Amino acid sequence: MASAFDKDSFQDLLNMVDKFITKRLLPLERQVEENDEVPQTVIAEMREMGLFGLSIPQQYGGFEIDLLQEMQIQMAFSETSPAFRLVFWPNVGIGSRGIVLFGTEEQKQFYLPRMATGELPAAFCLTEPGSGSDAASITTSARRDGDHFVINGTKRFITNASRAGIFTVMARTDPNEKGPKGITAFIVERDTPGLIIGKSEKKMGQRGSPICDVTFDNLRVPAANIIGGPSNEGKGFRIAMSVLDAGRVSVAASAVGMAKRLIDEAARYATQRVQFGEPIANFQLIQAMLADSETDYLASHALTMHAAQVLEKGEDARTLAAAAKYFSSEALGRIADRAVQIHGGSGYVADYPVERLYRDARGVRIYEGTSQILQLVIARTMLKRYEQ
């Protein structure tokens with residue numbers, strides 16, 4: 001998708017975002033951590049800024065930034081608490097992308113304008129209690145009943161579910177197919193009878209961003225709500241994988257932004273903390289940890305932007321997306337560990353941000369594909385080059 005923003009217009013947008021993060025969000029990090037929620041006033045400001053519609057085409061009320069620009073915004077917002085970004089990012093990424101890429105014109109006109117304004121927050125329902133990494137084995141069923149489908153099943157760890165007004169739901173419409181071919185993508189509205197939102201989970205990190213179970217109890221949805229229309233029955237897994245390629249690059253970008261924040265915290269602390277009569281930044285072993293972290297950050301940034309560029313061109317980026325997410329999330333873990341180590345005992349207590357940032361960073365190696373699953377994706381594609 002080509003950007004509707006020229007270089008100067010996008011720079012103005014980026015400057016606005018940076019100012020909002022610095023002046024408005026950073027001072028609220030501790031409050032969000034303690035209360036486990038983002039203030040409604042902040043969410044209202046995000047709507048006014050148009051953040052919910054960053055990637056949605058202009059004809060449907062969005063900004064229509066391209067994927068490379070999207071990654072820059074993602075990185076900027078990831079330098080503060082993830083809870084802020086996750087208020088609106090599902091509408092920018094996995095929550096809207098299926099409709100943008102594969103939806104019928106009627107679906108786009110009906111849903112995207114309200115998603116762009118934030119009136120209709122989005123969520124993406126793929127993971128289940130028995131199928132996380134093995135997404136093709138989902139068991140949530142959608143049984144045809146005339147011109148409707150009846151959905152039964154449970155989705156797990158769904159980001160933004162408690163806020164969402166619209167859900168992209170992957171369900172098995174062909175019980176005789178056990179793999180990806182029998183899966184269909186549906187649009188389900190929040191007020192549909194039979195949709196049940198579970199309690200928000202208490203998490204290790206990323207507090208303020210709710211994740212919940214979503215249960216479907218004989219929920220009836222029109223066949224017209226299949227993303228792309230009834231002719232797309234059974235094509236949901238392809239839609240999900242297309243969405244997740246961009247999603248993995250997006251998570252890689254969030255890891256890059258989080259890494260930058262951790263390096264800033266560690267380097268500032270090292271220049272201010274005095275031991276043996278001088279700042280610890282003068283000690284070579286501290287410098288080595290900072291240098292390793294900067295190298296990890298620069299490599300993550302380069303790989304992520306390269307993956308985004310290839311994906312933006314419409315080329316096959318499955319391996320690159322997996323590699324970017326895998327490397328960047330693992331690098332983030334290393335950087336977070338070094339940042340705590342540089343802080344010493346201070347890094348282990350909540351008075352300093354790195355304690356929270358360390359916990360926030362840990363989840364990035366899990367969602368949108370665990371590191372181990374991504375290793376398999378990368379290796380399988382790579383080994384095809386060596387087949388006889």
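Student: Is Glu 201 buried, exposed or partly exposed?

Tutor: Glu 201 counts as partly exposed, at 25% relative accessibility. Buried means under 20% relative accessible area, exposed over 50%, partly exposed in between (1.4 Å probe, protein chains only). This is a predicted model: local features need pLDDT of at least 70, side-chain atom pairs pLDDT 80 or more, while totals for chains, interfaces and linings use all residues. Residues are numbered from 1 along each chain as its sequence is written, and side-chain values use heavy atoms, without hydrogens and water.

Student: Which residue forms a salt bridge with Glu 201?

Tutor: Side chains of opposite charge can pair when their charged atoms come close. The rule here: a side-chain nitrogen of Lys or Arg within 4 Å of a carboxyl oxygen of Asp or Glu. Lys 199 pairs with Glu 201, with closest N and O atoms 3.7 Å apart. Lys 199 is exposed, at 62%.

Student: Which salt bridge joins Arg 356?

Tutor: Arg 356 meets Glu 29 at 2.9 Å, N to O. Arg 356 is buried at 7%, and Glu 29 is buried at 8%.

Student: What is the largest nonpolar core made of?

Tutor: Nonpolar side chains tend to be buried together in soluble globular proteins. A core is a set of buried Ala, Val, Leu, Ile, Met, Phe, Trp, Tyr and Cys residues joined through side-chain atoms within 4.5 Å. The largest has 39 residues; Met 71 and Ala 270 are among those touching the most other members.

Student: Where does this core lie?

Tutor: Domain 1 (7-120) and domain 3 (238-385) both contribute residues, so the core lies between them. Those bounds come from an automatic or database domain assignment.
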